[in-house]
Amino acid sequence: MTNTDSNHPARLDFQDLMLFRIYEILVVASPYDAFVLEEGGRLTEQILQEYQGMNFNYPPRVWQAQSGKQALDLLSKRKVDLVLIMTRISDIDPLELASKIKELYPKKPVILLAFDQSEINDLLDVQLLPTLPIDNIFLWNGDANVLLAIIKYIEDKRNANRDIKKGNVRSIIFIEDTPKYYSTILPLIYKIIMFHTIQLFSKTESISNQLLHLRARPKILFANNYKQARYYFDNYRKHTLGIISDIRFPHKGIMDSLAGLHFTKYVRSKDATMPIMLQSSDLNRKQEALDVNAAFLHKLSSTLHHDIRDFVLSNFGFSNFVFRMPNGDFVNEVSTISELLEALPHIPDESVRYHANSNHFSNWLAARGEFDLATSIRLMKESDFKDQTERKNTYINLIKSSISKDDIAEGYQIENINGKVPDIIRIGSGSMGGKARGLVFIHSIIKNSKIHKKYKNVNIRIPRKAIVCTDEFDFFMENNDLWSKALLEENNDNIISDFLQAELSDQLKNDLWLFISKVTHPLAVRSSSILEDSQYRPLAGFYSTFMLTNNQPSPEERFQYLCEAIKRIYASVYFQVPKSYTDKSSYRHDEEKMGIIIMELIGQMHNNRYYPTISGTAQSINYYPVSYMQRDEGIATIALGFGRTVAEGEKALRFSPKYPHILPQYYSVKATLENSQKEFYALPMNGDIHPMTEGESGNLTLYDLKNAESDGTLFWAGSVVSADDNIIRDSLRYKGPRVVTFAYVLKFNQFPLSDIIHDMLEIGKGALGSPVEIEFAVNLFKDKSRKPEFCLLQIKPMVLNTLGIQNETGPFEYKNIVAKSTAALGNGKIEGIHHVVIVDPKKFDSSKTELIAREIELINSKLKQSDPFILIGPGRWGTADPWLGIPVRWNQISKARVIVEVGMEDYPVDPSFGSHFFQNVTSMRIGYFTINHKNKDDMINVDWFQSHNIIEEHTYTTLLRLDIPLFIDIDGNTGVGNILKPDDPEEIIMDEQESTGI
C-alpha cells in the first residue's frame with residue numbers, strides 16, 4: 001500500500017505490530033479448573049485463526065500450579081507472561097499470592113478468576129481494584145473465549161501506544177466496571193472483531209494483507225473507571241472507531257450513576273460524530289442517552305449480546321457497507337472495496353454526505369486494514385469540497401491510487417476434517433461445552449491411571465464421539481437470523497419449527513456427511529452447552545438428547561436424522577423451562593452456547609431392542625446417609641436399560657459403593673416389591689420409524705421386565721419374590737414377581753461395579769479438585785470370551801455453592817422450631833420469607849398429583865419475584881412418576897426458596913435425591929428438607945403453618961402469609977436443617993456479611 005499522508009511517520013510493517021505477546025500462561029488452580037480454561041490442551045484451537053501464517057511456531061502454552069508455593073517456585077524457574085489465579089487455592093489467599101507475585105515481578109500481569117459474582121463480593125470490593133495487586137478480575141462463565149479475551153486484553157494494553165501511534169491501528173474504547181458484564185461482553189467484542197477480520201482478509205489473495213489484518217485488528221481499550229476512559233480517548237481519539245460504555249461506573253473514587261453521560265458529553269465536545277453506545281439496567285436512562293446522540297441498550301434485555309453485535313458490525317466497519325439516506329432508507333449494499341468503487345458514482349449526494357460526515361467510510365476502510373487511506377479520508381471535511389460530486393471523485397481516485405487490483409481479488413476456502421474417524425474428533429472451533437470438556441479431560445486421566453491394571457478383566461473406556469463446537473451454534477443462529485425469534489418466542493413448538501427450517505453451515509453438513517458415511521452403530525446425540533455442567537449453577541437435564549438407531553439403509557436418511565437431532569438440541573436452548581431457570585439465575589439467555597456430542601450409544605442388541613445391561617449415576621457426596629454410611633463415601637443409582645430411569649427420578653436402585661449390600665429402599669419384601677424397577681427403557685431398532693416424531697420423550701420406549709427376561713438381561717439384574725414362601729430368591733428359576741436387585745453384581749460381586757464406581761469417584765475427585773458426579777453404562781455379555789464393559793458417559797463437578805461453608809448459628813430452642821430435618825441439603829441461613837405454599841397431608845391424594853402441580857403453578861405465577869415462599873408437601877417433588885409424588889417442573893415453582901418433602905406412614909416414598917430436578921433445585925441455592933416420618937429427630941408442625949393467614953386456597957393447596965418472616969438454618973456439615981418461627985426475633989442474629997445465601 002502507498003502512504004497517502006506525507007506528513008505521517010512511516011507506518012510500521014506487519015511484523016512490527018504486536019511486539020508484546022503472551023506465550024506462557026501460569027494457571028494457579030485445581031487440575032480440573034486448569035483443564036476447563038485450557039480446554040483439554042486445545043487452547044490452540046481457540047486462537048489458531050489469529051496465529052495462521054504469523055511466523056510463530058506455537059500458540060500460548062498453559063502451565064499449572066496447584067498451590068501458591070508451587071506457583072512461586074515455577075515463576076522463579078520459568079519465564080511466564082501471564083498469571084491467572086483462581087479463587088480457591090489450598091495454601092494461601094489469592095490476593096496475598098498476587099501481592100507476592102507483584103513484589104517479585106512488578107510488571108507481570110496477574111488476573112484473578114472467579115466462578116461466581118458472590119466469590120468476588122466475599123473477597124474484595126471491586127471499586128478498590130486500582131489499589132489491589134492484580135491487573136483485573138474476570139468471571140469464568142464456562143466459555144473458553146473468556147481466556148482468549150484476557151490474553152488479548154493484556155496484549156492490547158501493552159501494545160496500544162506503539163501500535164496505534166506508530167502503526168496507525170484503530171481502537172475501540174470499552175468502559176464497564178462490573179465483572180459479570182465485562183466477562184461476557186469483552187469476549188463477545190473480541191470474537192466479533194476476530195471473526196469478521198478473518199472473514200475480511202480471507203477475501204484477499206495478498207499474503208502481506210492477510211498477515212497485516214491479523215496483527216492490525218483494532219485494539220480494545222478496556223477501562224474500569226472514568227479516569228482510564230478519559231486517558232484512552234485523549235491519547236487515541238483520532239484512531240478510535242467508537243465507544244461502548246456503561247452509564248454507571250466509578251468517577252473520582254466514587255460510584256457515579258451518570259459517569260457514562262458525563263463522558264459522552266466530553267467526547268461530543270471533541271468529536272460530534274463518534275459512534276457511542278451507552279448501556280444501563282435502568283430504562284429511564286434511555287432518553288438521556290439519546291439526548292447526547294448515543295445509542296442505548298438495556299442491560300437486562302434478552303437480546304443484549306445480539307444488539308451489541310449489530311452495533312459493532314454497523315458502526316465499526318466489519319459488515320457490508322450499506323448505503324442509506326439520512327432517514328434510514330436503504331440505497332445500496334457492497335461487500336468489497338472494488339464494489340465500493342463501482343457503486344460510489346451512483347450513490348445520492350445526501351447519502352454520501354451522511355456516511356462521510358459520520359466517518360462510516362473511514363471506519364469501513366480501517367476495518368479492512370487500509371489505515372492510511374482511512375486516515376486520509378477521515379481528515380477530509382465537507383468544507384474541503386465544492387459539492388458531493390467532487391467529494392465522490394476524490395474518494396474514488398484516492399482509493400484507486402492506494403490499492404492495486406491484487407489487493408481486492410477474492411478467494412475463500414475452508415478445509416475439511418480428516419476422513420478417518422478416531423475415538424475423539426472435533427468439528428468446528430470454539431468451546432466443546434461442559435459435557436464434552438469433562439469427557440475429553442477424564443479420557444486422558446483414565447488413560448494415564450492404573451485402573452486398567454487393577455481391572456484387567458474389564459474394558460473401562462469412554463465412548464467414541466464427535467464433538468461439534470459452539471462456533472457452529474453461533475453461525476447457525478446468526479446466519480438464520482434466529483436470535484430474536486428464539487429469545488422472544490414463548491411457544492416451544494414454534495421454536496422447533498423455526499429451527500428445523502433453518503440451515504446448518506455447509507462446512508458442518510460436509511463434516512457430518514463424512515462422519516455418518518463412516519459410522520453405522522447407534523448414536524446418542526447429546527447437548528454439551530457451556531453452562532450445562534457449570535460447577536456453580538449447572539443447567540443439568542434441561543436440553544434434549546436423541547438416540548438414533550443409525551441403521552437405515554440409506555445414508556441420506558441417516559444424515560437427515562442427525563442434522564434434525566442437532567437442530568432440535570439447538571432449539572431446546574430456548575425452551576421455556578431453561579428460560580425460566582436462567583431468569584432466576586445470574587445467567588443471561590444469550591450467554592448460553594450449545595456444543596453437540598455425537599456419541600457411540602452404549603448397549604447391545606436384544607430382539608430388535610438396543611440397551612445397556614446397567615446404567616446409572618454416582619456422586620461423591622451422599623446427602624442421605626443411613627446406617628453407618630458417611631456423607632463423603634458417595635452414592636450410586638443404577639437401573640436396567642437406559643439411564644432415563646435414573647435421570648427422571650423413576651424407580652431405580654440406590655446404594656453406597658462402599659456398602660453395596662445395604663439397600664435401604666429394600667428394607668422388607670413389601671418395600672422391595674413397591675420400590676423395585678418395573679420397566680426399563682430401550683431403543684427400538686425399527687429403522688422405518690422416525691426417531692423424533694414425538695420429540696425426545698418418544699425417542700426411547702418403555703418395556704416390561706418380562707421383555708428383559710426374554711432378552712436374557714434380567715439374568716444380571718433380577719431376583720424373584722418366591723410365590724411359594726414369599727422370600728426373595730436371587731435366581732430367575734423360581735415362580736413369582738420379578739424384582740430388580742442386581743444381586744449378581746452387588747451381592748455376589750460377579751462384576752466389580754461398586755469397586756469401579758468407588759475408584760472412578762476418587763479419580764475424578766482428585767483430578768477435578770472437587771466432589772464429582774458421573775454417568776456410566778455397563779455391558780455384560782453371555783459370551784465369556786468377551787470382556788464386560790464399563791463406559792463412562794459423563795463426569796462433572798458436583799454443585800458446590802451450598803457445601804463446605806461453616807455454619808455458626810445455633811443451637812436453637814426446640815420451642816421455636818416448626819420443622820426439622822436431619823437430611824437437609826444446603827448450608828447457611830435464609831431469612832425474610834413470609835409466604836408458605838402447603839399441600840395439606842390430610843387432603844393429599846396420590847392420584848391427583850398432576851392437578852396439585854397445576855395448583856402450585858398458578859400460585860407461583862401470581863407471586864412476585866420479591867415474594868419467595870416455602871413449599872411443603874408429601875412425596876417426591878419433581879418426580880417423573882406422578883404416583884411417587886408431585887411432578888412439578890422448575891418453572892412451576894421458580895419462586896420457591898425452600899422445599900420440604902414430608903414423609904407419611906401411608907405414603908412411604910424415598911426422597912427425590914439424584915434426579916435432574918433435584919440437582920437443579922440445589923444448584924439454585926434452595927434449601928431442601930426431607931422430613932422422615934420414621935426418624936424421631938425429624939418433625940414438622942403442619943398445624944402451626946396452617947394457623948396463619950390464608951391468602952389463596954385451592955382443592956389441595958393453600959397459600960399462607962406470615963406477618964413476621966421465618967428463619968431457616970441449614971448446617972451443611974451435619975445435614976441438620978431447622979425452620980424457626982419468629983416468636984423471639986432477638987434470638988436470631990443475622991450478620992448480612994456472614995451470610996452464605998443458599
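**View 1. Arginine 78 over the face of tryptophan 63.** Arginine 78 lies over the ring face of tryptophan 63, at 3.7 Å from the ring centre. Likewise, lysine 299 has its charged end over the ring of tyrosine 181, 4.1 Å from the centre. "Over" here means NZ of Lys or CZ of Arg within 6 Å of the ring centre and within 35 degrees of the ring normal. A word on the source: this is a predicted model, so local features need pLDDT of at least 70 and side-chain atom pairs pLDDT 80 or more, while totals for chains, interfaces and linings use all residues. Residues are numbered from 1 along each chain as its sequence is written, and side-chain values use heavy atoms, leaving out hydrogens and water.

**View 2. Phenylalanine 361 meets tyrosine 395.** The ring centres of phenylalanine 361 and tyrosine 395 are 5.5 Å apart with planes at 70°, so this pair is edge-to-face (rings of Phe, Tyr and Trp, the latter by its six-membered ring, pair with centres within 6.5 Å; planes under 30 degrees apart are stacked, over 60 edge-to-face, the rest tilted). Phenylalanine 361 is buried at 3% relative accessible area, and tyrosine 395 is buried at 1% (buried is under 20%, exposed over 50%, partly exposed in between, with a 1.4 Å probe and protein chains only). Ring pairs also tie Phe321, Phe323, Phe361, Trp364, Phe385 and Tyr395 into a cluster.

**View 3. Helix α15, residues 360-367.** Eight of the eight residues of α15 are buried, so the helix is largely enclosed by the rest of the structure. Among them are His360, Asn363 and Trp364. Helices are DSSP runs of H or I, at least four residues, and strands are runs of E, at least two, numbered from the N terminus.
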